Amino acid sequence: MNTTPEIMIAFNLDRALKLLSGEKSAPLAGGTDLVPGIHQQAKRFAAIERLVDITRIPELKQVNVKNSGTTIGAGVTFSEILTHPRLGSEYPLLTKAAATIGSVQIRNRATIAGNFVNNAPCADSVPPLLVYDAIVRICSLKKSREIPLQEFLLKPYKTQLQTGELVTEIFLPPPPQNFGGDFYKLGRRRGVAISRITLALLLQTEKKKISGLRIAAGAVTPIGRRFYDIEHQYVGTEISAAGLKFLAVNVGKAILEETGWRWSSPYKLPVTQQIVYQILCKLT
Amino acid sequence: MKYITLTFSLNGNKISLKTHGNRRLLDVLRDDFGLTGTKEGCGIGECGVCTVILDGKAVNACLILAGQLEGSEVVTIEYLARDGKLTELQQAFLENGAVQCGFCTPGMLMSATALLNEVPFPSEIQIKEAIAGNLCRCTGYKQIIDAIQKTAIRLKK
């Protein structure tokens, strides 16, 4: 039988970083992507000779909610995010997305960093993390660094993570005040579904004008992404039904510009635009 | 190298196992211990038929590697009935017609057992959520949900 990769458990961060310093090492947490991939001998995992289990490392299992911002350890599972006493009130879009991920069995294993570290376009936690301006904290034996999540995600299945580096935690700045928001996911069915469209939207209004706007999409774009141009374009504009409609149409156009016309576009485009519009209407 | 020795608890027994760390828990259970109540369905964590309870939580045995098990506590379907006596939940599955072909049943029972251990009196929504990761293609979910609900009521008394 195939004897690689070997599995080693790291019980602290130093040990994990040492074990991960080799070229052919990779971290293993929930395994919801890696384990079936290895079992099916998927090409993208073929080079891995050593898997380092990081699920027992206390430093990676912490959630700290403070006034100055929140840190979520890379190894925190989605079940732990859902049962955390404060995350739901501070970052409701994140917990709403977490609740849609897989099943209880998946959420009991799958971790927050594991969700985006492979940069799959359908990672459900990414759009909420993007609208909350998440920062990824990374460690290696030599140094540690921080990168905004949007910059960390380079292209489908490719991130800025280098050999020997491990995502250790996610930092979320304090939630923006007086913003309303919503998360939307569309899959082929409701439970245990790979998302086809995900949207996260935060909106702040003042005196019938848009005073703050953050929009991110996933699955329908090649990687999870924010729409900064549209956000800037609409902050300061008057709220009207026609204005919101145009905003929603423009989000669809921006997606189309990136993906080009696909077989699924006649379906996904109007759905995306309609959902953006519905969320905006609900929030104004 | 290549062989590792694992120590973990399986159905209440302390186990020491020499094996390859990259084997799935599912294969270890079925092939090494003959615990074939844990089935293989999709093998990618979608169908829930391989659900076991690992350290108190329902998990898919197809998504866990043997090398991750050190020091863990694994409970499989074989550990529910003891001395030929079914658990209340298993009895309720029979009484409510919650078993047809039976292939999904072990996974359903393990998900529902983990739920009832954590939430003694779950709502229908909580029950549906707890078994959302367990596919049944013949019985229908209604009888299964009924069985779990009735068990909760019976255990409450």
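Two strands count as paired here if DSSP finds at least two bridges between them. The model is predicted.

**The sheet of chain A**

Five strands of chain A form an open sheet with antiparallel pairing, in the order β4-β5-β10-β6-β7. At its edges stand β4 (63-66) and β7 (144-148) of chain A, each pairing on one side only. From neighbour to neighbour, the strands of this sheet are turned by 20° on average, direction ignored.

One pair shows the detail. Strand β6 (residues 135-139) of chain A runs antiparallel to strand β10 (residues 166-172) of chain A, and five bridges join them. Which residue of β10(A) is the bridge partner of A:C139? The partner is A:L166. A helix covers this part as well: α1 (residues 13-20) of chain A packs on the sheet and touches β6 and β10 of chain A. The direction of α1 makes about 130° with that of β10(A).

**Chain A as a whole**

Chain A holds 12 helices and 14 strands. Its radius of gyration is 19 Å, close to the 19 Å that the globule rule gives for 284 residues, so chain A is as compact as a globular protein of that length. The C-alpha trace of chain A spans about 60 × 45 × 35 Å along its principal axes. Of the 284 residues in chain A, 45% are buried. Among contacts in chain A with a separation of 6 or more, 66% come from residues 24 or more positions apart.

B:L54 stands opposite B:V74 in β5(B).

**Two domains in chain B**

Chain B is divided into domain 1 (3-79) and domain 2 (88-156). Their centres, taken over C-alpha atoms, are 22 Å apart. Where they meet, 14 residues of domain 1 of chain B are in contact with 13 residues of domain 2 of chain B. On the domain 1 side, β3 and β4 of chain B are the elements that give two or more residues. The largest share, three residues, comes from β3(B).

**Where the chains meet**

The contact takes 24 residues from chain A and 28 residues from chain B. On the chain A side, β1 (6-9), α2 (34-39) and α6 (104-107) each supply at least two residues. Which element of chain A gives the largest share? That is α2(A), with four residues.

The table sets out two contact sides by residue class.

| Side | Nonpolar | Polar | Charged |
|---|---|---|---|
| Domain 1 of chain B, touching domain 2 of chain B | seven residues | five residues | two residues |

Terms used. Residues numbered from 1 in each chain as written. Chains lettered and ligands numbered in written order. Predicted model: local features only at pLDDT ≥ 70, side-chain atom pairs only at ≥ 80, totals over all residues. Axes fitted to C-alpha atoms, helices over the stretch in contact; angles between N-to-C directions. Contact = placed C-beta atoms within 7 Å. Rg over C-alpha atoms; globule rule 2.2 N^0.38 Å. Buried ≥ 20, exposed ≤ 12 C-beta atoms within 10 Å, placed from the backbone. Domains from an automatic or database assignment. Nonpolar A, V, L, I, M, F, W, Y, C, P; charged D, E, K, R; others polar.
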